[in-house]
2 protein chains.
Amino acid sequence: MAAWGERLAGVRGVLLDISGVLYDCGADGGRAIAGSVEAVARLKQSHLKVRFCTNDSQKSRGKLVGLLRRLGFDISEDEVTSPAPATCQILKERGLRPHLLIHEGVRSEFDEIDTSNPNCVVIADAAEGFSYQNMNKAFQVLMELENPVLISLGKGRYYKETSGLVLDVGAYMKALEYACGIEAQVVGKPSPEFFKAALQAIGVEAHQAVMIGDDIVGDVGGAQRCGMRGLQVRTGKFRPTDEHHPEVKPDGHRWGRDPADRTVLCPVCAGAA
Amino acid sequence: MAAWGERLAGVRGVLLDISGVLYDCGADGGRAIAGSVEAVARLKQSHLKVRFCTNDSQKSRGKLVGLLRRLGFDISEDEVTSPAPATCQILKERGLRPHLLIHEGVRSEFDEIDTSNPNCVVIADAAEGFSYQNMNKAFQVLMELENPVLISLGKGRYYKETSGLVLDVGAYMKALEYACGIEAQVVGKPSPEFFKAALQAIGVEAHQAVMIGDDIVGDVGGAQRCGMRGLQVRTGKFRPTDEHHPEVKPDGHRWGRDPADRTVLCPVCAGAA
């Protein structure tokens, strides 16, 4: 493999996934991943533009940023691209009134949205909210629509909580897609529109950007399809089998400069700062 | 369309779906569908061989037959082909020890099965059992296996309860398939092995048999792919859009002789008795 400097030539901006890269979420509020607080600080001191690009749909941006700041991260709400605000914009543009199958933590993002007499279903990572009853209700709303519209905030397969791996919204999206014979519209990574919105916010072109994430398909593969470089960290939902993924080969694996330490310091900083 | 007599020429046996054809299940025990008790009685008085072929995986055969008998049906346990006993046979043959994500009502069918130190996951229509916690547990067991094996008792998309349409096991099977990147092995309709076992039990060849069901894909399409004829009733999960299904065209639509009555008497009896 080429040296970092070479592989990161021309990089002007970095998109950073949050869950599994900066911290592992959990019922206890979550834990910062070793070295990630320092790596973010170092990135922000460099000449690189930084944008946080997350599919987290359990929390409003305000709550997510508050949590990360308490864990020591230098991050503010206007640095975050997340799927709930992007979804609200789509709902307004298309005159859609959603039935919401979402986590209570993100409900405030939908405060301005008309949810009466629903003509679509929006699902997000509802966690405990993915009960049999709630899934049936969302299914029934879709089946009663002449043209069923399902919008999914991301399509992640699973993610890592402090207690272990848990199912993400993508699994439940697939359940509804199959039951209704429809295809969901995904708002979030790996949707190209979503990556582009994040790049636009920092004024960086795709070929000048690196996405750093723990999801080999959603983060790395998605970014590469948009013309970015993609690094997969070895934390969060990373699994050794990802290194032999049949379709996606990351441009790098380490979110860390020292081979003995998988997480401390950023290869982008090391190569480019 | 050809007359019934012509379309049913050479028919010697009938496979009858249960839920949505004989009765609509529900928390109240369910309700017989109008005319179906009489239609079954009439079929059994004819020269035709009859076999009940169900994907019901919420109840043991004993409980299902007890319920149907209370609703007035002439049915006994040894006339029923259902997925739980077929699954137990596969588990024993392959030395598989399942983690069970199933309904309490069917657990007794698995009494003889070793469930210690699981090396596969079996899911059935668990209904309320499809909680976020239980789905995560099944997912985690699969992710810890080197070669994850998922066996699903049927892959129905949804079915009709007296309270309305509800998600069937197939939706949750798809969720686990997607999350784990695997393909489930389906025991039940539309698996050809399952239809063949039902035909074998009555000594009838596929070309001599009619399957009567409410599922356009699982019952009608599945039976036709096995060389049977397939009728779709207009009860249970039937929806008007099924009549324009892009892939499956039933050999008949009526489980009833009188066009004004969708359910009374059987076209097979009418044509062949």
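Colleague: Where does P190(B) lie, and which bond joins K189(B) and P190(B)?
Modeller: P190(B) lies in the loop between β11 (185-187) and α7 (192-202) of chain B, helices (H or I, at least four residues) and strands (E, at least two) being DSSP runs numbered from the N terminus. The bond that joins K189(B) to P190(B) is a cis peptide bond, with omega at about 5°. In chain A, the bond from K189(A) to P190(A) is also cis, with omega near 5°, and P190(A) sits in the loop between β11 and α7 (192-202) of chain A.

Colleague: What kind of model is this, and how much pLDDT do local features need?
Modeller: The model is predicted: local features need pLDDT of at least 70 and side-chain atom pairs count only at pLDDT 80 or more, whereas totals for chains, interfaces and linings use all residues. Residues are numbered from 1 along each chain as its sequence is written, chains are lettered from A and ligands numbered from 1 in the order written, and side-chain values use heavy atoms, without hydrogens and water.

Colleague: What is the phi of N117(A), and where is N117(A) found?
Modeller: N117(A) is not a glycine, yet its phi is positive, at about 45°. Most residues other than glycine have a negative phi. N117(A) belongs to the loop between β6 and β7 of chain A.

Colleague: Why are β6 and β11 of chain A said to stand at the edges?
Modeller: The open sheet has four strands in the order β6-β7-β8-β11 of chain A, with parallel pairing, and strands pair if DSSP finds at least two bridges between them. β6 and β11 (185-187) of chain A each have a single partner strand, so one side of each is left without a neighbour in the sheet. β6(A) and β7(A) pair over four bridges, and H99(A) stands opposite V121(A) in β7(A).

Colleague: How do you know which strands are at the edge in chain B?
Modeller: Five strands form an open, parallel sheet in the order β5-β4-β1-β12-β13 of chain B, and β5 (80-81) and β13 (229-232) of chain B each pair on one side only. Strands β1 (residues 13-16) and β12 (residues 209-213) of chain B pair in the parallel sense over four bridges, and V14(B) has V210(B) in β12(B) as its bridge partner.

Colleague: How many residues does the contact take from chain B and chain A, and what area do they bury between them?
Modeller: By the rule of heavy atoms within 4.5 Å, the contact takes 29 residues from chain B and 29 residues from chain A. The two chains bury about 2,700 Å², 61% of it on carbon and sulfur atoms, buried area being the accessible area (1.4 Å probe) lost on being put together, summed over both parts. In chain B, Y132(B), L167(B) and Y178(B) lose the most area to chain A, together 30% of what that side buries.
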